[in-house]
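Visitor: Let's zoom in on one part of this model. I'd like the pocket story, with the cut-offs spelled out.

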Amino acid sequence: MPIMRVLALALLAAPVLSVLLQPSGQPELAGVLTGVGAGWLLCGEPARAAMATLCGSASAVFAGSLIRPEAGPDFSDEMAGWPGWPAGAVLTYLLADGGRLRQAGGRGRPDGPARPAALPVCVAALAAAALGCGLLLAAKALGATSWEEYHPYDAPGWYRDLTGALWYPAAAVVIAAMLAGALPGGRGRFLALPLGAWLGCAVTAGPLQYAQALGVPSKPAAVALLASLAGGSIGAAAAAAGLRHAGTRLGLAAHVLLFTAVSPAARWLRDPLPVEDVVRVAVTVALVAWVAARAASRDAAVGSGVVAGMAGPLLVWSVYLTVGSRHYDHLSQAEPYWLAWAGVPVALVTAVIAAGLATGGPERAAVRAGTGP
């Protein structure tokens, strides 16, 4: 059963690999190795394979912290890095897809000849450029990012802003690719549109991010530029999966809009209550349940609903995982990191339950799909 193989990878293989690699100082390579294993084990099921790899990163952080308590929170930082788990998830998808990505990538339609369809790609690039720059400027104006000199106790955190440098390009690329995919000629361009969006964001938002990071003289601004490029890559990978699956597309768009809006709003309101955390948890659970149930009911498949429901939380977790918790820097990075980490198992349980209820269980879903007895 596919879901059992996913859980086996997430709960067993990934933590074991990460702990074995931890003494070598390269635990992030567990993501690539897990990706290779998931790609072969879940051949023909690329979405589930990529999901298993990213779920494995969450269980690896947890298991590693338990098995090696002397490492403490530093283990989660050692697990972070580029490449690592996000890159492993992309590798997983390519291996599990069995070459169909290459065959379909040059077609304008699944059943038609190759078509340039240049307009959607140009729209994706221009939209990502505008969205990327707009989000970075808005985040700075609203105080979601500060890019000011670091102080170890109460000043803005470098790593929090670095996470923003990943998130906003990722969000821009996802939304731009989705918008371009709705245009005539955009359907089926699940490779060209994300790449075009990434390029448009890279040549505009990247330099802007570099300029903003110059406000922190004690840290290299080039790291912020690399974070912007890496964030766009994470968004491109997510958008490519979303363009091939309507449920995943809906889940990604909903979570991108939620997480892009909540952080600036909570800091602008300066509410003494944990508005950001409460809203994120409650709305995320509701979104996961809705997206999973909708996709499972439409496709008459529990697995389809689980993949769709997990898309948004895994995108958020991929961004935070790339930087790490950095608990010694500032709580504004550490607390959202662990919240994103906890969101992965919560989303998995929520999606499985919601998808199962929507279809009446795997057996009933198979009968509805015409594959059961």
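Which helix gives the most to the lining of the largest pocket, and with how many residues?

Guide: That's α13, with eight residues. Bear in mind that this is a predicted model, where local features need pLDDT of at least 70, side-chain atom pairs need 80 or more, and totals for linings, chains and interfaces use all residues. Numbering starts from 1 along each chain as its sequence is written, and side-chain values use heavy atoms, without hydrogens or water.

The largest pocket has a volume of about 1,000 Å³ (an open set of 1 Å grid points for a 1.4 Å probe, with protein on both sides within 12 Å along at least five of seven lines; the volume is the space filled by probe spheres on those points). Its lining counts 42 residues, and Ala50, Tyr93, Ala237, Ala240 and Ala241 are the closest to the centre (lining means an atom within 4 Å of a point).

Besides α13 (302-323), the helices that each bring at least two lining residues are α3 (46-67), α5 (85-96), α6 (100-104), α9 (192-213), α10 (221-242) and α11 (246-269) (DSSP runs of H or I, at least four residues). By class, the lining splits into 30 nonpolar, seven polar and five charged residues (Ala and Tyr count as nonpolar, Gly as polar, and Asp, Glu, Lys and Arg as charged).

While you're at α13, check the loop between α12 (275-299) and α13, where Ala300 sits. Ala300 has a positive phi, near 55 degrees, without being glycine. Most residues other than glycine have a negative phi. Ala300 is also buried, at 9% relative accessibility (under 20% counts as buried, with a 1.4 Å probe and protein chains only).

Technical notes. Buried means under 20% relative accessible area, exposed over 50%, partly exposed in between (1.4 Å probe, protein chains only).
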